Amino acid sequence: MAPAGKALLVLALLASVYGLFASVYGARTGRHEWVDSARRAMYVLAGMAAIAFVILDVAFITSDFSYKIVASGSSTTTPFLYRAAAIWATQQGSLLLWVLLLSSWSSLALFVTRHRVRDIAPYAQAVLLGFAVFFTALTALFANPFNTTSPAPAEGAGLDPLLRHTTMMIHPPMLYSGLTLMLVPFSFAVGALISGRLGAEWMQVTRRFALAAWLCLGIGVLLGMRWSYTELGWGGYWAWDPVENAALMPWLVATAYIHSIMIQEKRGMLKVWNASLVLLAGTLAIVGDFLVRSGILSSIHAFVSDPTLNTSFVALIAVMVIGSIGLVTWRREGLRTEAGLDSLVSREAVFLFQNLALVALTAVIFWITFFPLISEAVTGTQVSVGPPAFLPFVVPLALIVVALAGIGPIIPWRRVSAAKLRRSFVFPVAVWLGTMVILAFVSGVTRHLFAYLMFGFGAFVVATVAQEFFRGARARRAMTGDSPPAALAGLVRRNRRRYGGYIVHAGVAVALIGVAASTSFQHQRYATLTPGQSVRIAGYKVTYVRPFATATAEKISFGAVLSWSKGGQHVTTMRTSYGLYPSQDGLRPVGRFFETGDGASVESHVGLQAGFTRDLWAAINANIAPLQSRINQGDVLFSRLLAQDLALPAARQAAQLRIAYGLRDELIQVLAQRYVSHPWAASFKLEDSPLVTWLWIGAIIAALGGLTALWPMPPGASRRRRRAAGLRPRATAPPDRSPSEPIREPELV
Amino acid sequence: MAYVLVLAVLAGAVYLISAPLRVVTRPARSDHDAAEVAELEAARDAKYAEIRDAELDLRTGKLSDDDHAAIDGSLRAEAVDILHRLDRARETDGIPSGA
């Protein structure tokens, strides 16, 4: 089916090129039939991308090694689910996934807006189809996943062991969904700027897409952190890796954007800012994809560098940046603000400060991430900077953002009286002060200022959110007489955007408490132990109980059973192992199963005892050097044996080879068991990290809050809310005649 | 099999994409005016949401009665202004008022 896949990609490219020109023609001439036809071209593109994706995935699942990328990224020993997900572990396959997601999300956006924003949509459609042309052309012409090889190899190289992790099956699609969804509001912003329709309508239409992009990116980042923590064997969840930062930056800008659009919707303010933010978020989404695909910055997550792709991406990013600046400058008159800040003590002012902090955070991360390239351009030498370069800037800005996340919900829009302000702040400030005072008496906490302040601000945010829910539910109860749980549920159901947002604030605060605790109060220890030996860490005694080894067709694992105890009481027993996947080195029939050098396919299986107060974590680096002499002997022996077998007549060759490979497999089992029977020393990394679990819990809370805000109102709710009450305006300065449509009374609950 | 699949997809794509071009469309009303109405309706809905938020802020104790009265009055005046502009835009566009 490879020719069909190739043909579909060419057809998809033709459809997207047609759609792009039909959109522009329809927009310029006002002929809707061309715009409609172009929109259908996007649907067709999505359909073709889906069929091509299925064809390719079937090739992975059935281990059809005539496809080059299947041979290089999968194997018959790769478990089924990983084979199904291996498609996006390759540059070509992930480009096809990108095309599929981009066209699918674009189709959804164009479908739901087909009767709205009719001045803007044709241009937005043209921009989305422009992106589709770019990525489909890359896939069809420069990184075609349907390229084949003949004769097909009998076995594939296998999926990178580091990617054999449950979260890796969901992480890339979530990240790509976030990045491609970000292009929807970007495209509608461009459409609004070109058409001059600069009101709030295009924002209302695309708000859910921006929120969905934020949610998917956030979940993607979270899954990547979880993978890093449980798979990479270095003990952390965030390394300020360029590709990690590439996903974080558009997420931060999107966070700023979904707050600041509320100011434009309500006050007609910050139009230039909002247009710039959404254009920046879209551009950063492409920059993020570029960093993953280009490998221009050293990253464990990046694909191998490809000059053609790099040049194409740089050109696209240049067009986006120059075009965005040009459009905003061109429309600066229409983007003039309609109102000013009534008071610095208002929600819009808090949002503004929060926006500034988030954009500053993004700017810092961008600068430090790209500093190696900047330094190379200026001095000719690439200067690497690590996590310590980020922290002095990121930590204070993160504290400001968290503090504002607590202040924002309790301050109303426009203005507030001093008495009401005091009343609103009493409970959260009391919680904040109480937390700070209690923690001051807990040994060691105040020595870590960042963590100390983050605990205080985190408690403040949680208190403000709790207060908001309590007050809202009480108000609803007073009006409806519902029971407290029903009032709370009704409140959230009727005000999903507001209360979903509050849940997100609480989740982020909880997550950052987990980050502060686990980074500031973590204990780490490296130790080399033989079975029976012990080492102490953070009051725990860790004993290397016994080694174990397993050899399967997929991999060989060397591991250890560790026992953790405290004060003489047994706490937990955990297993950690070090897995070696066979290389393709045909000259070493035995040694290829024991490769540990550079480029070897190895994985860590960490030992983890997670709890609400602390995580106990261990990773082994097994020492198999004592096996090396026997491995070398095996190589010599079996190379000779296999050479003899291959010289036999074809009729006897297969049977003899089967016997030889059987003997080799027995030798591998013997070598693996020798590791168990001989008490060699192994190296361990041990960690005691407090409150890490709260990072994951907080992130899940935030994701649930995002889903709450994103979830559509139940059918009929909008209609009920829009029901005219027949009331005349209570305006202080009534107009000379009433409008034909009466003001609708707000339905609070 | 592969050729059949590609031809079927191609035929479906051509049929789907060309469908709007194959029907004679009547001239639509001015997009510009319709967009103006849609934009004002969006502004109206946003203003209603703002009135509603102010009401919620009052009931949850964030706004005093005086503050709420001032804000609500101002918001309603802005809403009335939008409704007047909406009336004018609809008249221009030939849409019945209050639609």
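This is a predicted model: local features need pLDDT of at least 70, side-chain atom pairs count only at pLDDT 80 or more; totals for chains, interfaces and linings use all residues.
Me: Before we start, what should I know about the model and its labels?

Reply: Local features need pLDDT of at least 70, side-chain atom pairs count only at pLDDT 80 or more, and totals for chains, interfaces and linings use all residues. Residues are numbered from 1 along each chain as its sequence is written, and chains are lettered from A in the order in which they are written.

Me: At what angle do H1(A) and H2(A) pack?

Reply: In general, two packed helices are described by the angle between their axes and the distance between the axes. Here, helices H1 (residues 2–29) and H2 (residues 32–61) of chain A pack at about 160°, with axes 8 Å apart. Helices are DSSP runs (H or I, at least four residues), numbered from the N terminus. Axes are lines fitted to C-alpha atoms over the stretch in contact, and angles run from 0 to 180 degrees between N-to-C directions. H1(A) and H2(A) are therefore roughly antiparallel (over 145 degrees).

Me: Which residue classes make up the contact of H1(A) with H2(A)?

Reply: That contact has 23 nonpolar, seven polar and no charged residues. Nonpolar covers Ala, Val, Leu, Ile, Met, Phe, Trp, Tyr, Cys and Pro; charged covers Asp, Glu, Lys and Arg; the others, Gly among them, are polar.

Me: How many residues does each chain give to the contact between A and B?

Reply: Two residues are in contact if their C-beta atoms, placed from the backbone, lie within 7 Å. Chain A gives 57 residues and chain B gives 52. On the chain A side, H2(A) gives the most, with ten residues. That side divides into 28 nonpolar, eleven polar and 18 charged residues.

Key
Helices (H or I, at least four residues) and strands (E, at least two) are DSSP runs, numbered from the N terminus. Angles under 35 degrees count as roughly parallel, over 145 as roughly antiparallel, 65 to 115 as roughly perpendicular and the rest as oblique.
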